[in-house]
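Load the model, have a go at each task, then check your steps against the solution.

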Amino acid sequence: MTEKELRKKAMALPLNPGVYIMKNKDKKIIYIGKAKALKNRVSSYFGSHSNHSLKVIRMVENVDDFDYILCDTEFEALVLECSLIKQHMPKYNILLKDDKGYNYIKITKEEFPRIREAKQMLDDNATYIGPFVSTFSVKNAVEETLRIFKLPQCNKKFPRDYNKSRPCLNGFMGICCAPCNGRITKEEYKSAINDATAFLKGGAKKSVEEMERRMYEYSEAMEFEKAAKLRDRIKAIKNLEEKQKVVSINVPEEDVFALVNSSKKACFEVIRFKQGKLVDSEHWIIDSVDDIEQARFDLIERYYSIRSDIPGRIAVDGDITDEDLLKEYLERLREKKVEFIHPQKGEHLSIVNLCIKNANEHLAQNQGRLGKEMAALEELGKLLGLPKPPEYIESYDISHTFGADNVAGMVVFHNGRPMKSAYKRFAVKGFDGQNDVGSMNEVLTRRFNHYYEDGADSTFKILPDLILLDGGQPQVNAVLPVIKKMNINVPVFGMVKDNRHRTRAIAFDGGEIEINSHRSAFTLVSRIQEEVHRFAITYHHKKHQKSSFTSSLLRIDGIGEKKAKALMKHFKTVSAIKEASVEELAQVSTISQSNAQSIYNYYRNM
C-alpha cells in the first residue's frame, strides 16, 4: 500500500483501545503498539513526518500494511501488546535480550580444592552451590570468599606447585595463604575450604557464629595461632558487611532503574536489592530514544517480561508515561501491591544516582568516552531542561580594546571535550566602538548564514545541541531574535561570571540558574567559559598587534597597505623597520628610494 492508502485505512479505524500490528511487504511483523484510541494513534504515522524521529520515519517507510485487534480497555491492550511482542520480537520495538543463564559456585574435588564460578553443572564429582540467576552475585560471592579466607586466586595447580615458588603479590600482601610457598599445610587449607563452603551455603551470620565458637575453644586450649586466624576471618566478614551497608537500603527488596540517553545510543541500567543488599546489576545499550518517559514505560515492562521476580518497590530516575497503567500491569503479574517511587532526597536518591552513574559509565565505554564527561553532560542537560544531554556545544565570546579591533571566538565542545577542528574566529565588521550585544548579534547571524549557505563538508552545517554565550541576559536577548528569525531551533544560555571572573550562574530568557551546587555541570561550564575566553582574547591580541604595527606605517606619506605589508613581510617587526637604513629599506620590493627616505625620516623624528 502507498502511504496515502495506509492513512485512508487508518482514518477508518474506530476510536477504541487496541493493538496495531505493522507489517512490511513480505508480511513480516516489524512493529507492535498499543493505543487508547486506535484511529488517532495509527493515523499519526502516515502523513506529515515533521514530528517523527528518524527511527519512526524508517519504520513507516517499511510499512506495507497493518492489522489491528480491538480490546475493551487500555489495560487489555497492554497485556496483549506484551504477549505479541514477546512472541514476534519485532525489529522496531525496544527489545531487551535475555542473555542470562544459570550460574553456580563450584568447589572442586582435589587435594587442594578451588572455589570457582561455573556456568553449568558437570558430572565431575565437584560440589556445586546454586543455581543463581545473577552472574553479578556469583562473581561477588566468589571474590569475597577467596579474599576473606585467603584462598588462592591464581591458576597454579596444587599439589604440583605446592612449596615450589615464591608467593605472588597477593601472598606478599597477606590476602592469600600462599600454598605455592608452603605457608599452609594441606589440613589447614582444607579447614579454610570447609569454612568458606559453610560461609557460602549458610551466610555470614551462621558462619561467624560457628567460627566464634571454635575461636574460643582454641583460646581455651592455648592454640592462639589457630584462634588468631579465625579472629581475622571473622573481622574480614564483619568489615565486608560494613562496606555493603554503603550500598544498602532499609527495605526488604527494591529494583532501581535509570535511563541515560544520548544522540545515538542510550543505556538502560537496573540495580537490584534483596534483604536490603545489592545483589544484582544489569544494563543494556539500545538505540537512542525520542520520548524518554515512554521509553521508561516500555523498558520496565520489557524487563519484567524476562525477569519474573517483581519487587514491592521500584525506584525510577524520572517520570513514566501512563505510570498507573504500568503499575496495574505489574501488580497483576506479581499478585501483590507494587509501588513506584521517584526519590528526591535521602538514601533512595543516592541509590538512583549510583544507578545513573553506572549507566553513564557503560554508555561512555560503548561510545569511547569518559564516564565523568557523560555525567557532566547529563547533569547539564537536566539542569537546563534539555530533552537530551548536549553532546555538541558551541560557545561564543567577544573581545576588544576599548571598542577597537572587535573580534569573536567560537569554540566547540563535542562529548564534553574541545573539538578544535571546529573552532572559528570572527572579525566584527558591522560597526566600530564598544558594543558587545551588537557584536554578538552580528556574529550569530553570520554563523547561521554559513549553516544555510556552506557546503556539506563545513562544520557550520552541524547544528549545536546548545549555545553558551560569555555574558548574561543582554547577550541572550541579542541572539534569541536572530535564531528565531532564521528558523533555528537551538537553546541559548549565557554564562554569568562573579566579580572574580569565575562562573557563577547560567542566564536564560527570563532569569538565572545557579550551578555552583551541581559540581559536574559547573566544572564543564567553567571549562567552556575559560576556553572560549582564551580563544577570543588570543585572536584579539593578534589582530590588535597587527593593526598597531601597520597603523604607524600607514601614517607615513606614500605608504599604503600593500607597501606596509611588504615591509612587515621583509623585516618581520616594526622595531626592525625602525632600525633599518635607507639602503636596507629600499631593497624591499615596491619600496622606492623616496619611500625609504620617508620611512627613515619618520621614525628618526618620532
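**Exercise 1.** Are aspartate 195 and arginine 214 buried or exposed?

*Solution.* Keep in mind that you're working with a predicted model. Step one: buried means under 20% relative accessible area. Step two: aspartate 195 is buried, and arginine 214 is buried too. Step three: look at the contact, where aspartate 195 and arginine 214 form a salt bridge with their closest N and O atoms 2.6 Å apart.

**Exercise 2.** Find which strands hold arginine 272 and aspartate 255, and work out what joins their side chains.

*Solution.* Start with the contact: a salt bridge joins the side chains of arginine 272 and aspartate 255, at 2.8 Å from N to O.

**Exercise 3.** Why does the pair of arginine 296 and aspartate 317 tie together parts of the chain?

*Solution.* First, the distance: the closest N and O atoms in the salt bridge between arginine 296 and aspartate 317 are 2.9 Å apart. Then the location: arginine 296 is in helix α9 (residues 292–306) while aspartate 317 is in the loop between β10 (313–316) and α10 (323–334), so the pair ties together parts 21 residues apart in sequence. Last, burial: arginine 296 and aspartate 317 are both buried.

**Exercise 4.** How many salt bridges turn up in a search of the whole structure?

*Solution.* Run the search over the whole structure and you get 31 salt bridges.

Terms used
Residues are numbered from 1 along each chain as its sequence is written. This is a predicted model: local features need pLDDT of at least 70, side-chain atom pairs count only at pLDDT 80 or more; totals for chains, interfaces and linings use all residues. Side-chain values use heavy atoms; hydrogens and water are left out. A salt bridge is a side-chain nitrogen of Lys or Arg within 4 Å of a carboxyl oxygen of Asp or Glu. Buried means under 20% relative accessible area, exposed over 50%, partly exposed in between (1.4 Å probe, protein chains only). Helices (H or I, at least four residues) and strands (E, at least two) are DSSP runs, numbered from the N terminus.
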